[in-house]
Amino acid sequence: MKTVIEIDKAKIYIKEFVKGDLTLTDHLYLLIQNKKHNISNVSPPSRKQHEKFCLNHPYRFWFLIYERKNLLGSVYFTYQNSIGINFIDITDRHNELIIRHLVENIDPMPAIPSEVQTKFFCNVSPKNTKLIKLLESLGAELSQVSFKFK
């Protein structure tokens, strides 16, 4: 799937990353290497580990976002209705409309008690205040606080 949306006369390209297609892994690797706030990765994976993950990724949808040929970031949707957001510049003026477009055009998976929530949700590092601000601007509400054991 490749979608073009126009935001303030800028053409934004939303390109789906297809499982097994390694043509976009360099862009995804660049994003993960430059990510400042990690939840699941303590340290970035090696290129080989990353390619192996991309070949068999567990996501329902995984999109790379571009303005013209410039990579803006990636967004993925899981089968549990979680959304992962990774923009190079989280304060970019296009981000809110990109996320809004995706959430409005993808239906959540059906709810399953104790497994799948009824609506989309996003896990965010409490240190990632800019992403929290972006999510709040989209009308998202704080729904839980998670702790991990050392």
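These legends walk through several close-up views of a predicted model. Local features are described where pLDDT is at least 70, side-chain atom pairs count only at pLDDT 80 or more, and totals for chains, interfaces and linings use all residues. Residues are numbered from 1 along each chain as its sequence is written, and side-chain values use heavy atoms, leaving out hydrogens and water.

**View 1. Strand E4 pairs with E3 and with E5.** Strands here are DSSP runs of E with at least two residues, helices are runs of H or I with at least four, and both are numbered from the N terminus. Two strands pair if DSSP finds at least two bridges between them. E3 (residues 61-67) joins E4 in the antiparallel sense over 7 bridges, with Glu67 standing opposite Asn70. The antiparallel pairing of E4 with E5 (residues 83-87) has 5 bridges, and there Gly73 faces Phe87. Look for the turns too: Arg68, in the E3-E4 hairpin, has a positive phi of about 55°, while Asn81, in the E4-E5 hairpin, has one near 75°.

**View 2. Phe77 belongs to the largest nonpolar core.** A nonpolar core is a set of buried Ala, Val, Leu, Ile, Met, Phe, Trp, Tyr and Cys residues joined through side-chain atoms within 4.5 Å. Buried means under 20% relative accessible area, exposed means over 50%, and partly exposed lies in between (1.4 Å probe, protein chains only). This core has 21 residues, and Ile65, Val75 and Phe77 are among those with the most contacts inside it. Strand E4 (residues 70-77) has 6 of its 8 residues buried, so E4 is largely enclosed by the rest of the structure. Contacts of Phe77 (heavy atoms within 4.5 Å) include Phe61, Leu102 and Phe120.

**View 3. Arg47 and Asp26 form a salt bridge.** A salt bridge is a side-chain nitrogen of Lys or Arg within 4 Å of a carboxyl oxygen of Asp or Glu. The closest N and O atoms of this pair are 2.8 Å apart. Arg47 lies in helix H2 and Asp26 in helix H1, so the pair ties together parts 21 residues apart in sequence. Arg47 is partly exposed, at 40% relative accessible area, and Asp26 is partly exposed too, at 47%.

**View 4. Arg100 meets Glu96 in a salt bridge.** Their N-to-O distance is 3.0 Å. Both residues lie in helix H3, 4 residues apart, about one turn of the helix. The whole structure has 2 salt bridges.

Definitions and conventions
Lists of a residue's contacts leave out its neighbours within four places in sequence.
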